[in-house]
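Please look at the sequence and the model before reading on.

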Amino acid sequence: MAEADIDDLIEIIEKDSNIEDIPSTLPMMPVRDVVVFTDMLLPLFVGREKSIKAVEKCVETDRYMFLSAQKDSEVEKPGADDVYQIGTIGRIQKMIKLPDGRIKALVQGIAKAKILEFVKKRTFFKVEIELLADRDPDELNIEDEALMRNVKEASEKLLALKGELSGDVGDLLSHIEAPGKLADLVASNLNLKVEDAQVLLETTDACERLKKVNDLLARELDLSTVQAKIQTDVKDEISKNQRDYYLREQVKAIHRELGESDDKLAEIDEFKRKIKKCKMPPDCEEETKKQLKRLEQMHSDSSEASVVRTYLDCIVSLPWNKSTKDFLNIQKSKEVLDQNHFGLDKVKERILEYLSVRKLNPKKKGQIICFVGPPGVGKTSLGKAIAKAMKRKFHRVSLGGIRDEAEIRGHRRTYIGSMPGRILQGLRQCGTNNPVFMLDEIDKLGSDFRGDPSSALLEALDPEQNFDFSDHYLNMPFDLSNVLFILTANISDTIPSALLDRMEVIRISGYTRQEKKVIAQTHLLPRKLKENGLIRRSIQISSGAMEQIIAEYTLEAGLRGLERKLDAVCRKIARKIAEGKKGKFSITKQNLAKYLGPPQFVSELDQEESQVGLATGLAWTEVGGEQLYIEVALYNGKGDLMVTGQIGEVMQESARAALTYTKAHAKLYDIDKEEIDANDIHIHVPAGAIPKDGPSAGIAITTALISAFTHRKVDHKVGMTGEISLRGRVLPIGGLKEKALGALRAGIEHIIIPEKNRKDLYDMPAVIKKKMKFTCVKDVQEVLDIALEKKAPKKSKKAKAS
């Protein structure tokens, strides 16, 4: 309709075309994306070679040609099966050849026809056709007239919505009296799919075709109505925004006239900028904007405004979407770890494995690693080294003595002075959401009426849950899955089992004397010289003096005592230099006592020679492995058993089991039963002020008992650890590496261990296995064959105290 003059179109519709002059064989042109209806006037751009030749042939003759819609518009060279069989005979009114070789033709639809046969296909399509006549009713009934009126009114409404309604269009619609012509006119101006338009073209019943057009017109009218409403809403929203902007400017002007400061407005704008910059999850952003709106409506000096302001400060300062890029060069990371720590090969290997996995799979969730070991072995400094190797931020939180659950999860905002928990505070200080986060002293958590902090940690330390960790103060989920949590503990026994299950425990047993010597010379001494203002060439500690400091002035698994002793030496030299003394100060074994005094740890007298009733056990404590002397004395009595030395229930049961075994196997070891019944037995473990317990002293107690009854000495160079059963089986124990290190420090050369602990020798340091002999046993008799002297002196009738 837009391409033709309205008056010409009215003349075309009113004029009855003479279809008798149309030949039965016509050139055929496939058309794309359009179905040509009768009385329809439209321009066509012809570019395909066959179509151009068909148009030229048509113009040379009578200007009639057959137009058929193409089934698939993507097909460039359609065949007989690619076009619909029913189409429209068109007449070319005008034709113009364009400079690019195409043809622009103005075509008018004349009549519908059906293809009977393709006469020519090579240069252009030529088809034999059969005319199809519409079945118009002789007289219109009331229903047909109502349908026509409805179609005309709906057409006018549609054109009005689109802003295309004019008086000429109304005249055009009013001049049409035939249902078929009205259906074709309306259908030609609707944006119909080719399939829907073809269905209309193939419907020869005029009234039926008009009904289908009415349905399609109603749907198009609904779509246009919704489209018009959307456009109106958009305009209204733009107008509302302009109105809001104008009102805000007025409010600002009113505040200025009242002399009120612009600080609050600047604060609100700053919060908006920070909220946008945070890139927090949509739900969290919505809640934050809600709180900001509350703040905007409050008086700036009110107490509630201060609470909301502090809350918003906390939210916008959290690293919602800010992280550091991991440095995943494995070789360089190994160099960083070796530079900061000597030994600890197993720990370093595990860290490098983690970095390797992160390099191959960056989306892997954060790990929960727990370092368990005595004080001073480098657990905290190892966490710092990991952060340095990965180029991540490092944050440490000490959990020792914490009893309040709110320290982990935060306080609710209803309380005065409420704040987020330690975890979110740490992330806030780091400024990134993927730091190395160390939770120190996890084994020293407490609990009381204020809650259980260890239970609150379950969510934070579970990789399957911590992606939406909920803090009571924040009251919205925060993702902790990118954080590398590292926990430290002296012992794992006091860590709740549910919490321990979420960790990967790596045990750091301690250092040998040789490792301590290397660490002291390469790490500790240079640091102490720098802290005390000394230079390297002003002091020299000989190798022998360093070994003596380690052996006789410290007795520990870690390095803190050694560090204090080196600090003491450096302080005394610093004082001499400050007093004006010059020269190089040399510390040797001969003059070491002048700086540190007499040796503090010497071998006990009991250890200098083998004795009856004295066995050396091995214990595993929070500060590492230690030797545990078991003394047994017999005196006249009634066979009663007394155990002293702050012994726990487990060790008391071991003592009773050892006595039962001794009585049951008295004949095997040539022990007179009357002697057992005639003497009371006193078992004592020295250092009575220190509580002692654990299931590993069974074979040591048994050895000391049988030694006392048989008067056979126990080899003082043999240490032993293992529990016993009533049948004499030696049961496995834990902490073998720590106990072996403690035995090595004490000068023990031979250790008896349970057979089931043979697997633990695989991870034993080579220097320990080189200096010590390990014997694995299954039965107590094997222990006695090794620990007791071969021949016992002649027994006396009355036992003497050992």
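Asp670 is exposed, with a relative accessible area of 57%; exposed stands for over 50%, buried for under 20% and partly exposed for values in between, all with a 1.4 Å probe and protein chains only. Asp670 lies in the loop between α22 (649-664) and α23 (673-677). Helices here are DSSP runs of H or I with at least four residues, strands are runs of E with at least two, and both are numbered from the N terminus. The model is predicted, so local features need pLDDT of at least 70 and side-chain atom pairs count only at pLDDT 80 or more, while totals for chains, interfaces and linings use all residues. Residues are numbered from 1 along each chain as its sequence is written, and side-chain values use heavy atoms, with hydrogens and water left out.

## Loop residues

Asp670 is not a glycine, yet its phi is positive, at about 55°. Glu441 also has a positive phi, near 60°, and is a residue other than glycine. Most residues other than glycine have a negative phi. Glu441 sits in the loop between β9 (436-440) and α16 (453-460) and is partly exposed, with a relative accessibility of 22%.

Asp760 belongs to the loop between β25 (750-754) and α26. Its relative accessible area is 27%, which makes Asp760 partly exposed. Along the chain, Asp760 and Gly734 are 26 residues apart, and their C-alpha atoms are separated by 9.2 Å.

Which side chain does Asp39 meet in a polar contact? The partner is Lys181, and the two side chains are joined at 3.1 Å. A polar contact is a pair of N or O atoms within 3.5 Å; within protein, one must be able to donate a hydrogen and the other to accept it, and residues adjacent in sequence count only if both atoms are side-chain atoms. Asp39 is in the loop between β1 (25-31) and β2 (41-46), and at 12% relative accessibility it counts as buried.

Arg392 lies in the loop between α13 (379-390) and β8 (394-398). With a relative accessible area of 7%, Arg392 is buried. The side chain of Arg392 makes a polar contact of 2.7 Å with that of Asp326.

| Residue | Relative accessibility |
|---|---|
| Arg392 | 7% |
| Asp39 | 12% |
| Glu441 | 22% |
| Asp760 | 27% |
| Asp670 | 57% |

## Helix α27

Helix α27 covers residues 780-787, and Val780, Val783, Leu784 and Ala787 are buried in it. These residues lie on the same side of α27 because they cover an arc of only 95° around the axis, the arc being that of the directions from the helix axis to the C-beta atoms. An α-helix has 3.6 residues a turn, so residues three or four places apart point the same way. At the N-terminal end, Asp779 caps α27, with a side-chain oxygen 2.9 Å from the backbone nitrogen of Gln781.

## A pocket and a cavity

The second largest pocket has a volume of about 820 Å³. Among its 35 lining residues, Lys346, Arg507, Ser509, Lys737 and Asp763 are the closest to its centre. On a 1 Å grid over the protein atoms alone, a pocket is an open set of points with protein on both sides within 12 Å along at least five of seven lines, a cavity is a set where a 1.4 Å probe fits but cannot get out, and lining residues have an atom within 4 Å of a point. Grid points are joined across faces, edges and corners, and a volume is the space filled by probe spheres set on the points.

At least two lining residues of this pocket come from each of α12 (345-360), β13 (504-507), α25 (736-746) and α26 (766-771). Helix α12 gives the most, with six. The lining holds 15 nonpolar, seven polar and 13 charged residues. Ala, Val, Leu, Ile, Met, Phe, Trp, Tyr, Cys and Pro count as nonpolar, Asp, Glu, Lys and Arg as charged, and the others, Gly among them, as polar.

The whole structure has three cavities of 30 Å³ or more. The second largest cavity has a volume of about 40 Å³. Its lining includes Val31, Leu67, Thr88 and Gln198. Strand β3 (64-69), strand β4 (86-97) and helix α6 (194-202) each supply at least two lining residues, and β3 gives the most, with three. This lining has seven nonpolar, four polar and no charged residues.

## The whole chain

The protein chain has 27 helices and 26 strands. Of its 802 residues, 46% are buried. The C-alpha trace spans about 150 × 80 × 55 Å along its principal axes.
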